[in-house]
Amino acid sequence: MKKDQTLGETLRRQGVSRRSFLKFCATTASLMALPPSMIPVIAATLEKARRPSVIWLSFQECTGCTESITRSSSASIEDLIFNAISLDYHHTLQAASGSAAEQARETAMQENHGKYILVVDGSIPAANNGYSTIAGISNFDMLKEAAEGAAAIVAVGSCSSFGGIPHANPNPTGAVSVSDLIKDKPIVNVPGCPPIPAVITGVLVQFLTFGLPDLDHLGRPKAFYGQSIHDRCYRRPFYDKGLFADTFDDEGARKGWCLYKLGCKGPTTYNACATEKWNDGTSFPIQSGHPCLGCSEPDFWDAGSFYRSLSTPTENIGKAAVYGIGAGLLAGAVVGSVQRARKQSAVKAHQRVTIDDLDKES
Amino acid sequence: MTEAEFLLWVRGPAFNAALFIMLAGIVVRFVEILFLGRKTNLAQARGSEVAGGFYTTWRRMIPDADSFIRSGFTIIAGYVFHIGLFVVIFLFVPHILVFERALGVSWGGLPSNIVDATTVVTIVALVAVLLHRIKDPVLRMLSNASDYLVWLVTILPLITGWMAFNRVGLSGPMLIGIHILSVELLMILFPFTKLSHAFTLFLARWYNGAIAGYKGVRS
């Protein structure tokens, strides 16, 4: 595959029909909530787009993000788009290994300096560079070097976006996100544990078509992370009616009522799961009967128990209650005694007025 | 502090601190009142203190016809926002979950959108009583800064709660976080301001009723 081929040429060579290409453009437009008039614009821009070089760095991660993107159904248009970008380095997917792999990365970085897209999954250990290395190079050094020549960085997954599970308390490696370390490059966060495959490819398409997408305050593309799970949840009417599942196997659960009582984090989680869904639009956690864990939000691992509802306290309140009552009894006894003593001394000091006193001339 | 950290803080350490202060405050006020005690009544009893106590505690809930004519607005608006607060605090399912966790007992809630409508009515009633307080020259003269503060900390959780439910303005975690924080402010000020009437009213009414009952009259 030649590197200077346009995306249109590549897709045609791979036997993708014009019809399915336009269908993909229409899906992408609706994913990004764009009007139908934008479909030809997406198609024309993508057609002419040069296959950009993509360098995918994996740091402290579980490969779940890569699993997610490769598990998008076989021979889907997303796969083809992914084949159509020049994925020059991805140490899980590439055939090369050892020094040949590292050389591929260095060559891609030199040839496409200032133009390549850097995709990062996994967090970076800030406590000690030795905690995670690739070919003897620390994650931090590799990120710094690769970020320097990148046009933009896409942080895929919650670990590279916010620190994710490695960042969870007590965070033994001092894990940090990409945006904690790199300040001089545009960074698009695509969080999720893992993110939805179509959202990963959607962000890349959006980047190729319109440049950097509109981002929310956490650096996430508004097109995919603009609405909360709660607001788009098909179980929302049950929340409004006050119908909740109390356990995982009660009548409410069987009837598909709201999972708020079981700890659903939908109201505080922004992602496209409720609309885009997983496994080719088959389902998403809430649809399969499990509350949302809030995996696309920072510190989701430490945000209280997964199964404790959002409105309830996260810590042991019994202790605070007992100490509060105890302190109140003690302080009350002290204050009460002081006031009682004051009252008694006032009674003692009270001078009675007699008839003689009244007769006295002043 | 990120949004997530803020939400975790208000649900964790801040809630515990507010609960500690509220409970300690309530107990201090009760013990204080009980320690002061009452003067021994040397007169012969002409009726039951207990019956009088219970009667007055209940009877004060029902406004007299006379006071209704004199201050109908205060009574109606007062009832509306008190019943509204009861519905919003005790019959909204996410709130019941908090009580369930704290007390171990649970009860049925109302449909969330009925609670939502009740919240709006309660807010309107609270705004009306504030306007009345400001407009009425006697009420205005009797009011001090604490009265306005108490009004503010009462209406804040209602407004922030309504915003969190209807998801207005801010992000989900911020809305819920700010709502819980406003409730914590209410919890902290609860025992140390006029809000303490929510529990002292029973002692006060009981004393009044018991004194009258001892004398064999109705208060």
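A:Thr63 sits in the loop between strand E1 (53–58) and helix H4 (64–70) of chain A, where helices (H or I, at least four residues) and strands (E, at least two) are DSSP runs numbered from the N terminus. Its phi is near 70°, a positive value in a residue other than glycine, and A:Thr63 is partly exposed, with a relative accessible area of 21%; on this scale buried means under 20% relative accessible area, exposed over 50%, and partly exposed in between, with a 1.4 Å probe and protein chains only. The model is predicted, so that local features need pLDDT of at least 70 and side-chain atom pairs count only at pLDDT 80 or more, while totals for chains, interfaces and linings use all residues. Residues are numbered from 1 along each chain as its sequence is written, chains are lettered from A and ligands numbered from 1 in the order in which they are written, and side-chain values use heavy atoms, with hydrogens and water left out.

A positive phi, of about 60°, is also found at A:Asp280, although A:Asp280 is not a glycine. This residue lies in the loop between helix H15 (273–276) and H16 of chain A, and with a relative accessible area of 60% it is exposed. Chain A also has a cis peptide bond between A:Asn169 and A:Pro170, with omega about 10°, and A:Pro170 belongs to the loop between helix H8 (158–162) and strand E8 (175–176). The peptide bond from A:Cys193 to A:Pro194 is cis as well, with omega near 0°, and A:Pro194 is placed in the loop between strand E9 (187–190) and helix H10 (197–210) of chain A.

A:Gly252, in helix H14 (residues 251–254) of chain A, counts as buried at 4% relative accessibility. Apart from neighbours within four places in sequence, A:Gly252 is in contact (heavy atoms within 4.5 Å) with A:Phe244, A:Ala245 and A:Trp257.

Turning to where the chains meet, the contact takes 48 residues from chain A and 39 residues from chain B. About 3,700 Å² is buried between them, of which carbon and sulfur atoms give 63%; buried area here is the accessible area (1.4 Å probe) that two parts lose on being put together, summed over both. A:Pro313, A:Glu315 and A:Ile317 supply 13% of the area that chain A buries against chain B, more than any other three residues. The rule finds one salt bridge across this interface, a salt bridge being a side-chain nitrogen of Lys or Arg within 4 Å of a carboxyl oxygen of Asp or Glu. B:Arg167 forms it with A:Asp231, the closest N and O atoms being 2.9 Å apart. On the side of chain A that touches chain B, the elements giving two or more residues are helix H12 (229–232), helix H13 (236–241) and helix H16 (317–349), and H16(A) gives the most, with 18 residues.

Within chain B, helix H10 (residues 172–189) has 18 residues that should span 26 Å at 1.5 Å a residue, and its end C-alpha atoms are 26 Å apart, which agrees; the expected span is 1.5 Å times one less than the number of residues. Among the buried residues of H10(B) are B:Leu175, B:Ile176, B:His179 and B:Met187, and what covers the buried residues of this helix includes helix H1 (3–11), helix H2 (13–36), helix H6 (93–103) and helix H9 (145–166) of chain B.
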